[in-house]
Amino acid sequence: MYEYVADSDPAEGRRRVYRMNRVEIERHGRWRSFSQTLAVVVALFVLQYPINEAATGDWTAVGPVSSGTSARLGLLVDLAMIVSYLTLAWRALELTLAWKRQTPLRFIVYVALGLVVLGAVLDLAENVVLWRETTAGWQGDLVVAWSLPMRWLVVTGLAALLLVAVFAWWRWGRRPPAPETVPEHMSQPGRVICCSGGGVRSASFCLGGLQELTDKGLYDDTEFVIGVSGGGYIAAAYHTVRWHSGTTEEDAKWGELDPTAFAPDTPEVQRLRRNSRYLLDSGASALQGLLSLLFGVVINLVLLTAALCAAAWLLGWYLVASGGLSGWDTESAASLDFPHAPWDGVLLVWLVPAAGVVVFVFEKLLDKYWAAPFEGRMWLRRRSRELVTWGSLLVVLLLGTPVLLASMHNFAAGSGSSLANLLHVLGFVPDAVCLDRLTDGRTACGVTPADPLTQKQAAGAAGGSASVVGLSTGGAAAVVAAVLAVIKSAGSALGGDTSSPKGGSRLGGLLTAVWSKVKTIALPWAAAILVASVLVVVLLRWTAGLAAAPERLTSWNIVLTYLGAVIGIRLLIDANRTSLHHFYRERLSFAFIVRRTRKGAGPLPYKEALRFSESRPPHRKGPRLVACAVANINDPGLVPAGRGCAPFVFDDARIGLTDQQLPSGAAMTRSQLFEFTADRRFRDATIPAAMAMSGAAVSPLAGRHNARLNPYRLVLALANARLGVWLPNPLWIDDLATVRRLVRTREEHETLRAWTVLSAGERGRLVTHYLNRADQAWLWDLLPEASARPPGWERPDAGSGRLRVLGYRCASAVVSAQSKPGPGRLLSEAVGRTSVYDRRLYITDGGHYDNLGLVEALRRRPKEIFVLDASADPEDTFETLGHAIATARMDLGCEVTFDPRSMRRLKAERSTAAWGNGRYTFADGTEGVIRMVKVIMVEGLPWDVEAYSASHPTFPRTGTGDQLYDEFDLEAYRVLGREATRTLIANPPAERAQPPRGLRFALRKAMS
């Protein structure tokens, strides 16, 4: 799976870096997407088979389930089947065209896709007709005469697509890997400024540092400013106020500002002081945040409830129709006692995980007697793992569910324990069974004959009363009381009885000793275990309710309501819209993204797309903006153990991944093309969006902090504590296909901008392999005469094709809307399953990789790096700096020499310095200076900072959770950053002694 190619030549003076093969990454990712969809289609087909057999009478239904009920359930499963095989057809088309865009098989693929779509339309029409015909007393066949050709259309089309897709995947693997595209070599930048993460604390500290650097003329002479999380707030604010400010109300681009941007007495600083509590600055914003949170929670609950309802409905139908659970209204329920032969096959489901074990043993024997290829062995291991995992789940659902329900029913019916009472009030045993036993004077449902209430309850039962104390199946109060009783009983068991002569104290003491050892491990998982337990109980309770009252299986209004809700959510809402990202982004934009006019400073219109591709300043107008985030990936062997992420960077040239193992040219897409792919209205990859993603610390996935978040991931996802964003994977983006979309939808301005960034070879491939005659003619007329055109390209004669363009626009809008992340991405966040091979990546806080931005600065190899570090490290540890130095060495092969011990406080009351100088060196001899300031209290600070420190014990390491700063909080950190940076500038690094030129050459040669 992991093939590597070299993207540089040591003869050019650069060390050879081995990166993953870009072709293999895309091939593996597209095949995995195709095969997963195929597995869903097969699973739905297997699920549909027994339902349809019971509907047509071929399998005898034991319980009171009519053929009409089974038929309608089968039609609902068939609706999911239609969606699945349409998705499979689209995946096959993607796989084929990604392999080779100009191929004789393309016509076959398009024809087969048309057959599948036509068959799906007829299939849907057939389902509508059958739904109206299948009533309770219906007896017939699930086929409409006029729709018989539909099955042949679908089967023929899918078969053709499957064969072509498999052939394309096989041929794709046999094609020799193409040479990797290496980005053009940049000259060594002069200076880079890094603004670290840390929320508003960092924004305030970095504001003071940037003010001092601007005052000394260093900011305007900088080539890049790199922002991470809170430091990115103020870095983006500095950039946009210079970009969109002028002396008039109009957007004068890069106008001259006097005083300079964000100087201490400027309107934008005054406005920032008034909006430092940007998240919750008023009741209105608090209400908006609460509604955003609740909106996502409600959507999550609807989706979760719909999934549980579907699972319970299928399990309930299976238990009733097969006779897998019987005697529910008696004292002794039975399970898996199938009275008819076809249903006995369910007992053989254990063969599925057993087959996984057989495959595992076969792989071991094969390796013993034959040197099997590595890929073949890995394929067998994956199949073994899948068979065991999914087979075990089937065993639990089909065999374990009826056994567990029957066991709980029988235990609750005949026990007087508090647990039996809890099972009864939850509905796992009918009231009638409990009342019959109590009337006979027997123990039942948590009540014993010795209980003084028993006689009263029995009398109530004899008199026909249904309101027996402690026997109601409804009411939250009864459930809570039963749960408390179980907890009390469990506590007594753990505590033991010291007076018991039978050794109860020894058992209780042993349990207590064991609990004291494991509680530190178990307690963080308590919330996740509680949520999972509640979900399992709800699933079992709904399944038991349907098995006890089969007539509820005909309540189609409930099913259709949930189905309509899920379809509406998928069509109108996506996983990004339900998260808190948009609220967070809007509040950040309101507080930090401003412009200055004659009337003062005001927010830029939120609807205005501040695109990175348009943000590059003119020459000598200041630095370029870079925003650092991470893409959460957990592929084994791809990222170092415990890292869980790869760096993800936004700038005006390229957007994408910068991990050293990933293809350097393919992992980062040209910014204007990535922005259009993310959202055709240019909303999802803008500067405010990148600010919010770079500061998305509260998320179920958090890169290097994933191990700490594992116990809380499920709870965070369900509670909608989600600031991360799903963005397109740049490894899946075909730049030329993106330009083709622009041409076909006649986006004139964007097409011209995209054409200018394409190379001559790419322009030729675009015209030859991607565009039809009408598109070529339109593009020829659009381009000015002076534009470089591919050699030999002549304008073809073609009609206007207005109807075709309208169709392309409609199709592009639909595809763009429906390609947004769906509910499945929420599940990926909850379970932590993300991969670099997926078509979308989950982007979160850049501090989850490097909170300083130093590694990204070193990747650009500048001559001088200024680091404004507002990280809240524990006193004297400089942990964040240590992580950045180690990461630079591991990822870049860069040695950083920086000793922060001069900034350590040790036993003194204050540190002697809040600044330090260091150096970095690459193996090829590239070197530069690192100059850093740290949020540290030193002597000689202005008295207002001293007074603030005296009344705020946590200063200057206020927790990142505190984002509600007032004017004094902001000013204290701003002045601290200003004073530290002023001292750093006044103490330049000492000149490094240079060896003689001949010796320098020998040393550089030896290092490379």
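Trainee: Which element gives the most residues to the lining of the second largest cavity?

Mentor: This is a predicted model, in which local features need pLDDT of at least 70, side-chain atom pairs count only at pLDDT 80 or more, and totals for chains, interfaces and linings use all residues. Residues are numbered from 1 along each chain as its sequence is written, and side-chain values use heavy atoms, without hydrogens or water. A cavity is a set of points on a 1 Å grid over the protein atoms alone where a 1.4 Å probe fits but cannot get out, and lining residues have an atom within 4 Å of a point. With three residues, the top contributor to this lining is α31.

Trainee: What is the volume of that second largest cavity?

Mentor: Its lining includes C628, P647, Y849 and R859. Two or more residues each come from β9 (624-632), β10 (645-650) and α31 (854-859), where helices are DSSP runs of H or I with at least four residues and strands are runs of E with at least two. The volume, meaning the space filled by probe spheres set on the points, is about 80 Å³.

Trainee: How many residues line the largest cavity?

Mentor: The structure holds six cavities of 30 Å³ or more, and the largest has a volume of about 90 Å³. Closest to the centre of the largest cavity are P874, E875, D876, K934 and I936. The number of residues in its lining is 13.

Trainee: Which helix gives the largest share of the lining of the second largest pocket?

Mentor: A pocket is an open set of points with protein on both sides within 12 Å along at least five of seven lines. Elements that give two or more residues include α5 (199-215), α8 (283-322) and α20 (581-592). The largest share, five residues, comes from α32.

Trainee: Is α10 roughly parallel or roughly antiparallel to α11?

Mentor: The axes of α10 (residues 351-369) and α11 (residues 374-414) come within 6 Å and cross at roughly 160 degrees. Angles run from 0 to 180 degrees, and those over 145 count as roughly antiparallel, under 35 as roughly parallel, 65 to 115 as roughly perpendicular and the rest as oblique. The crossing angle therefore makes α10, relative to α11, roughly antiparallel.

Trainee: Which residues of α11 make the contact with α10?

Mentor: Contact means heavy atoms within 4.5 Å. On the α10 side, the residues include V352, F360 and L366. On the α11 side they are R377, L380, R381, S384, L387, V388, G391, S392 and V395.
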